Structure formats: structure tokens, C-alpha cells
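Here's a quick tour of a protein chain, for anyone who likes to start with the packing. Have a look at the model, then read on.

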Amino acid sequence: LPQSSPPPLIPSSNFFIPPSTPSTPSSPLCSVVYSNLQELNPDVDGGYLVPEVSLQEFISNDVPEASTTETSLATYLKQSDRVPYPLTATPSSSGAKGTVLLVGSDLSSDEALKLSHTASRLKLPLLLVRTYGMIGTLRVQSATGEFTVVEPRAEGVKWDLRMRETVESPASFSELAEFAERMVGQMPSMDQQQHGHIPYVVICMEALKRWREGHDGNVPTSFADKDEFRASIKAMSKDFGLEMNFQEGVREAYTAYTKTAGITDAVKDLMDRTDVKTLTKESTQFCILLNALTEFTSTHAGMPPLNGSIPDMTSDSSNYIKLQALYFDRSKRELADFTALVQARLSKLGLPMEYIPPPSIATFAKNVPYLTVVPSKPYHEEVTGALSEEDRETMQGLSWDPHEEMIHTPMLWWCGVKAAEEYQRAKGSWPAPGAEGELAATMDGIMKRYGLTKQEGTVFDAAKLTAVAGEITRYENAENHTVGSVVGGVAGQEGVKVITGIYVPIDNTYIFNGIAGVAGVVKG
């Protein structure tokens with residue numbers, strides 16, 4: 001909040017600034033917002049900056065072609081006396097713990113472009129939020145050209161039990177092999193109660209061992225083989241109708257003869273990247289971790305560190321705890337090996353161990369099968385840069401999936417807001433009633449950039465462009481509080497994703513059509 005821009009007394013519509021709050025050098029508006037925000041969660045701390053220049057100048061000073069002055073965003077972020085701690089996009093070599101997330105709300109087109117340049121140059125993530133009448137947009141821009149997601153929290157957990165690997169090579173997980181062999185040896189003397197509480201992991205491993213002995217060391221492959229394998233598990237029970245553990249074994253039979261996923265093709269592609277193979281002092285945490293993973297898999301039969309978690313299953317408490325403990329102990333040892341590889345790289349690069357703390361290493365190791373990278377083109381490149389063939393194909397694909405009422409297709413309204421931004425950038429004001437024809441023509445130009453053409457009966461026909469242009473000009477960039485609440489909520493959610501690396505962030509632009517209450521994601 002630039003100190004020089006607002007008048008001494010502001011009738012504010014901001015929830016965190018009471019009406020008619022005075023802004024003085026000793027008590028700037030941002031200090032009021034900061035104080036009131038802290039009431040939401042006393043465990044969260046923060047700070048605020050008071051630039052002595054206008055917002056336009058503040059951003060302009062960070063654009064590469066502009067002169068560098070002491071009133072630039074970069075300068076303010078480096079001044080630790082202005083904030084509780086040094087702030088960086090990611091933990092730095094100095095051990096800074098802060099994270100800066102730039103958020104631009106309802107900026108002019110030029111301001112948004114300049115802030116995008118600044119964010120890219122300083123390697124800071126950026127959210128651009130806009131409420132335009134009944135339409136809301138959120139543009140997500142990463143700090144480095146991509147979002148690296150360590151915890152996507154994918155649906156459908158894949159348990160890392162390594163049954164087939166242990167049956168084929170008992171030495172690879174000797175603790176599990178010995179545990180299963182000991183329980184199988186006790187099976188003939190077990191009563192009904194004990195027999196009905198053998199963990200299904202043991203049951204499936206024994207069934208697979210017997211199958212391989214009768215099939216030249218092979219595992220079930222055909223549909224008939226798999227049916228026969230499930231039948232063999234059922235035959236091992238004393239009373240299949242009462243023994244839930246054997247029912248679980250039949251249901252999870254495929255996990256016994258299927259190899260553990262290990263390193264997926266997607267993760268292998270990440271490990272083959274040049275910035276992963278060749279590390280420097282500027283390498284990201286993600287690249288260093290992937291580099292260490294490459295060496296780890298080369299000495300562990302192509303497998304990542306064991307996750308160590310096991311699913312719930314029918315078993316007595318004693319044996320379940322023993323089974324859980326042997327998986328946990330093995331994962332703990334493998335995590336120690338992986339941590340040593342990571343720290344050896346940090347030491348070689350001259351980086352402090354705090355650059356990648358042990359909890360971050362452990363989180364990465366547990367989520368290797370789910371590692372995700374989402375490319376993120378900076379906003380300024382989307383507006384001023386050349387489009388790739390992939391960009392055009394993506395947009396053309398989106399046009400084939402219209403809303404049931406075509407006029408409410410989010411992509412169409414995204415095009416309308418983009419046209420309004422181009423209009424404002426060219427003329428210095430937002431389109432008003434009377435500019436419908438010019439705005440529709442601008443929308444048509446945006447479509448052509450993406451290889452889309454007007455065609456009757458499709459999302460982009462002349463009548464729909466004219467209707468959207470008329471609605472956009474009617475808004476004149478007015479802010480609607482109901483639309484703002486929706487887009488603001490989504491922006492908060494995406495901000496948490498960007499900062500924590502948990503869940504996959506939006507790929508490019510979220511657009512909310514408040515007229516019909518529908519939303520979509522457009523990759524422009």
C-alpha cells in the first residue's frame with residue numbers, strides 16, 4: 001500500500017480497514033490491515049512494507065529495462081529491518097525462512113505486465129486476481145517457470161508392500177521374508193481364531209511362492225492365470241466365509257504378482273533433465289533431491305526409499321504391529337541412506353544443511369511415485385510472447401468442450417476479459433458502452449492467435465462474441481463483492497498450494513462465470 005497515493009482519510013470498503021480510517025506516517029493503512037489480520041490466527045506472524053513511491057513507479061523500478069533504484073521491490077525484500085525476517089521465494093543459502101507470494105488484485109493491464117516481469121526476475125510466485133463485473137479470473141504464475149509438487153495428495157494410494165520382489169529375492173527384504181516364512185510354518189497348528197488373523201500380506205506371499213514353484217518361476221499373467229491364483233488363495237483358508245483375511249487376500253491378489261511401481265516413467269523423465277543431472281549452487285531443492293534419488297535407485301534395484309506405511313488389514317494386534325514395525329524400520333534405514341546422499345550434495349555445493357531440512361527430505365522420499373511438475377508460462381510471455389503449437393492445440397481442445405449453454409462457456413468469457421485488458425492497455429481506460437464492436441473485434445483477434453475462427457453454431461460465433469462484448473462493456477471493470485468472494489477464496493486456496501507444495505495448483509488461468517455460476521481452467 002503506497003503511502004503517498006491515498007488521501008489522509010479513506011472511506012474504505014476493505015473488510016480489514018474500518019471506514020474512515022486515517023492514514024498517517026506513524027500508522028499507515030497496511031499497519032491497520034496487518035493488525036486486524038493477526039486477529040484471525042495469533043500463531044501466524046508477518047510484516048508490512050510502506051513504499052514511498054506510487055505503485056506504478058514501485059513496480060516499474062523492477063522491470064529489467066528500467067533503472068534500478070532504492071525504491072524497488074527487490075530492495076525492500078532484502079531489507080530485514082522492514083520485516084520480521086529476510087524473505088525469499090524458497091529457503092536460501094543463508095537459511096532465510098520466509099516465503100514471498102506476490103498477489104496483484106485488479107491491477108491495470110500495464111501494472112499486471114510489469115509485476116509479472118518483476119516476479120520472474122526475482123523468482124517469486126505470483127497470483128493475479130481480477131473481478132470484472134460478474135466475471136472473475138485468477139492467473140497463477142510460478143517462481144521458476146514450473147510448479148514442483150512434492151505432495152499432490154493423489155487419490156488412490158498405492159501401497160509399497162514389495163511382496164513380489166521379496167518372494168523373487170528374499171534377500172532384498174529379508175525381514176519380511178523371515179516374518180512370512182515363520183507365520184506360514186505355524187499355520188498347520190493354528191486354531192480357527194489364529195488362522196483367521198494371518199495378515200493378507202503373508203497369505204499372498206505364500207500363495208505366490210507356491211504358484212512360482214509350479215509354474216517354472218513365473219507369475220500369473222493371463223486372465224485365466226489370475227483367476228486360478230485367486231482360487232488358490234481361497235483354497236488356503238479353513239472357512240472362506242468366516243475368514244476375512246483370506247477374503248482380503250483374494251481382493252488384493254493382484255498386489256502380490258504385480259511389481260511395485262517403483263520409479264514411474266514420469267519421474268524417470270524428471271531425473272533425466274539437464275538441471276537435475278548437473279547441479280550448481282543455484283539448483284532448486286527439487287533438482288538436488290532428484291539427483292540424489294538417481295544415485296539411490298542405482299544401488300537399490302531401481303526402487304525409491306520404502307514408504308513404510310501399510311494398509312489396515314485383518315490381523316491380531318501383535319502380528320500387525322510386528323509387520324508394521326519391520327516396514328517402518330526398513331523405511332527408516334533407507335531414508336537415512338537417502339538423506340546422506342542429499343546432504344553429501346549440499347556439502348559439495350557449499351550449501352547449508354538447512355537448505356533442505358530432514359523433514360523435507362522425508363516428505364520427498366514418501367511421495368516419489370507421485371512427484372508432479374506443472375509448467376507455468378509467465379503472464380507477460382502469454383501477453384507479449386510468441387505462441388507455441390502446443391498452446392494453440394490446447395486452446396482448440398478446450399473449445400470442443402462447451403458448457404451446455406454455449407454462451408456460458410468459461411473460455412468465451414476469458415476471451416472477453418483478455419480483450420478488455422488489451423483495450424485498456426491500448427487506450428488507458430476500460431471499455432464502456434459503445435465500444436462493443438471494437439471489443440468483439442479484439443476478441444476475434446485473440447481467437448485467431450490461437451488458431452480459432454468464428455463459426456456459426458459453435459462457442460465462437462459472431463452472435464456470442466457480440467453478446468459477451470456487450471456484457472463486458474456494461475461492467476466497465478466494476479467489482480462485484482459476490483464474485484470477489486468466490487475468486488478470493490480460490491486465490492487463497494491456490495496460494496497455500498504454491499507456498500506449501502501440497503496439492504497441484506491451477507495450470508494457468510481460473511475463470512469464474514458468475515452469471516451462470518460455472519467455472520473452468522484455461523491454459524492461455
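D216 counts as exposed, with a relative accessibility of 76%. In this predicted model, D216 sits in the loop that runs between helix 8 and helix 9. As a rule, most residues other than glycine have a negative phi.

R162 is another non-glycine residue with a positive phi, this one near 55 degrees. You'll find R162 in the loop between strand 8 (146-149) and helix 5.

## The chain overall

Zooming out, the protein chain has 22 helices and 11 strands. Of its 524 residues, 48% are buried. The exposed surface comes to about 25400 Å², and carbon and sulfur atoms supply 54% of that.

Take the contacts between residues at least 6 apart in sequence: 66% of them join residues at least 24 apart.

## The largest nonpolar core

Nonpolar side chains tend to be buried together in soluble globular proteins. Here, the largest nonpolar core has 37 residues, and the members touching the most others are L176, V201, F229, I233, L323 and Y327. Several helices each supply at least two residues to this core, including helix 6 (174-186), helix 9 (223-235) and helix 15 (317-349). Which helix gives the most? That's helix 8, with 9 residues.

Setting aside neighbours within four places in sequence, V201 is in contact with L161, M163, L176, M313, L323 and Y327. Apart from this core lies another one, made of 29 residues, with Y132, L412, L439 and I511 among them.

## Helix 8 against helix 10

Two packed helices are described by the angle and the distance between their axes. For helix 8 and helix 10, the axes come within 9 Å and cross at roughly 55 degrees. The two helices are therefore oblique to each other, and their crossing is right-handed.

Who makes the contact? On the helix 8 side, Y200, I203 and C204 take part. Helix 10 answers with N245, F246, E248 and G249.

How values were computed
Residues numbered from 1 in each chain as written. Predicted model: local features only at pLDDT ≥ 70, side-chain atom pairs only at ≥ 80, totals over all residues. Heavy atoms only, no water. Core = buried A, V, L, I, M, F, W, Y, C linked by side-chain atoms within 4.5 Å. Buried < 20%, exposed > 50% of the residue type's maximum accessible area, 1.4 Å probe, protein only. Helix = DSSP H or I, 4+ residues; strand = E, 2+ residues; numbered from the N terminus. Contact = heavy atoms within 4.5 Å. Areas by Shrake-Rupley, 256 points an atom, 1.4 Å probe, with all protein chains shown as cover. Axes fitted to C-alpha atoms, helices over the stretch in contact; angles between N-to-C directions. Parallel < 35°, antiparallel > 145°, perpendicular 65-115°, else oblique. Left-handed = near helix turned anticlockwise from the far one by under 90°.
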